[in-house]
Amino acid sequence: MSRNGITNQPAISRPMTRSLTRSLPIAGLILLALVSGSLPVRGQAQTLERQQVSDHVWMFSGRGGNVGAVVTDEGVIVIDTQYSDSAAGIIEQVRAITDQPIRYIINTHVHGDHVGGNAILQAEADIIAHRKTFERMSASGADVAALPRIVFDGEMTFRLGGNEIHLLQGGRAHTDTDVAVWLPGDNVLITGDLLFNRMTPYVDTGRGAHTAGWISFIDTLVRLGNGETKVVPGHGELGNLNDLSAMGRYLQAVRDIVQSAHAAGKSKEDILALTLSDLGDEFAEWEGNRIGMALAAAYAELIGG
Ligand SMILES: [Zn+2]
């Protein structure tokens, strides 16, 4: 979720972060683990909450997008980097769970509240992202230290500590840069902003968002798991595949109401002024007030202009 997209990252705090985290003696790590427990750990300017999702997966949340961590015997994979001022807190949270090094970092998509800590975290490990995340960050003048070093199209699978990690792309959805992370062994799906859990989603048509593509990607993802699957959303609380399906129903409901209102002769202005309550009861309690973005996207796809 970001209005501003990419932020250029000053490199000032990187050496400090690196030396701090790498010079902590083992006793210090143990002490850190003991005192932090399930309490929030304060980063440089940002407090993150930590929640265990499954045997190997953790979720860190605070201001900006949720962060995932996959902890294995051969290292840690961090999913998303939030903001530059949360990067140190992400590293602290990982250090509070394990003494394993961070081996890879994944960006779920291009938005600044998911890639903002890239320059700092890439001092720890290489960042993997959709080719278009790299292209969009590069085109917007992002610091080279923040640019993902490994990019891919389609799918990527890798293994770490006996865990399979699948990275999936589905074309245009929340943006045209989205990657979902599927961990079959843990039955956990990390969606990035393909899921705003019980919130109206940000629909970034300026960066390739497409409601029909988003629905299609969700349909693919919900078939991966089952009733026990845990879903780490980009925003909101830990959820399940029903929550992800609800995101798809919301987008479909927006498309349906745009289509029916247009068929009934309503003007574009009237259609774009529809509200959440016009969609019925299911979404009435959702947070955020972003239905206008979805209406505009659906209108452009279905009617044009
Ligand atoms: Zn986003």
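Q: Strands count as paired if DSSP finds at least two bridges between them. With that settled, what is the bridge partner of Leu189 in E13?
A: In this predicted model, Leu189 has Val231 of E13 as its bridge partner.

Q: How many bridges join E12 to E13, and do they run parallel or antiparallel?
A: Strand E12, residues 188–196, and strand E13, residues 230–235, run parallel and are joined by five bridges.

Q: What sheet has E12 and E13 in its order?
A: They belong to an open sheet of six strands, in the order E9-E10-E11-E12-E13-E14, and its pairing is mixed. Strand E9 (155–160) and strand E14 (239–240) are the edge strands, each pairing on one side only.

Q: Turning to helices, how do the axes of H8 and H10 cross?
A: The axes of helix H8 (residues 241–263) and helix H10 (residues 291–302) come within 9 Å, crossing at roughly 60°. H8 is therefore oblique to H10, and the crossing is right-handed.

Q: Which residues make that contact?
A: From H8 they are Leu251, Val254, Arg255, Val258 and Gln259; from H10 they are Ile291, Ala294, Leu295, Ala298, Tyr299 and Leu302.

Q: How many of the residues in the contact of H8 with H10 are nonpolar, polar or charged?
A: Nine are nonpolar, one is polar and one is charged.

Q: What about confidence: what is the mean pLDDT of the chain?
A: The mean is 88, and 85% of the residues of the chain reach 70 or more.

Key. Residues are numbered from 1 along each chain as its sequence is written. This is a predicted model: local features need pLDDT of at least 70, side-chain atom pairs count only at pLDDT 80 or more; totals for chains, interfaces and linings use all residues. Helices (H or I, at least four residues) and strands (E, at least two) are DSSP runs, numbered from the N terminus. Axes are lines fitted to C-alpha atoms, for helices over the stretch in contact, and angles run from 0 to 180 degrees between N-to-C directions. Angles under 35 degrees count as roughly parallel, over 145 as roughly antiparallel, 65 to 115 as roughly perpendicular and the rest as oblique. A crossing is left-handed if the near helix is turned anticlockwise from the far one by less than a right angle, and right-handed if clockwise. Two residues are in contact if their C-beta atoms, placed from the backbone, lie within 7 Å. Ala, Val, Leu, Ile, Met, Phe, Trp, Tyr, Cys and Pro count as nonpolar, Asp, Glu, Lys and Arg as charged, and the others, Gly among them, as polar. pLDDT is the predictor's confidence in each residue, from 0 to 100.
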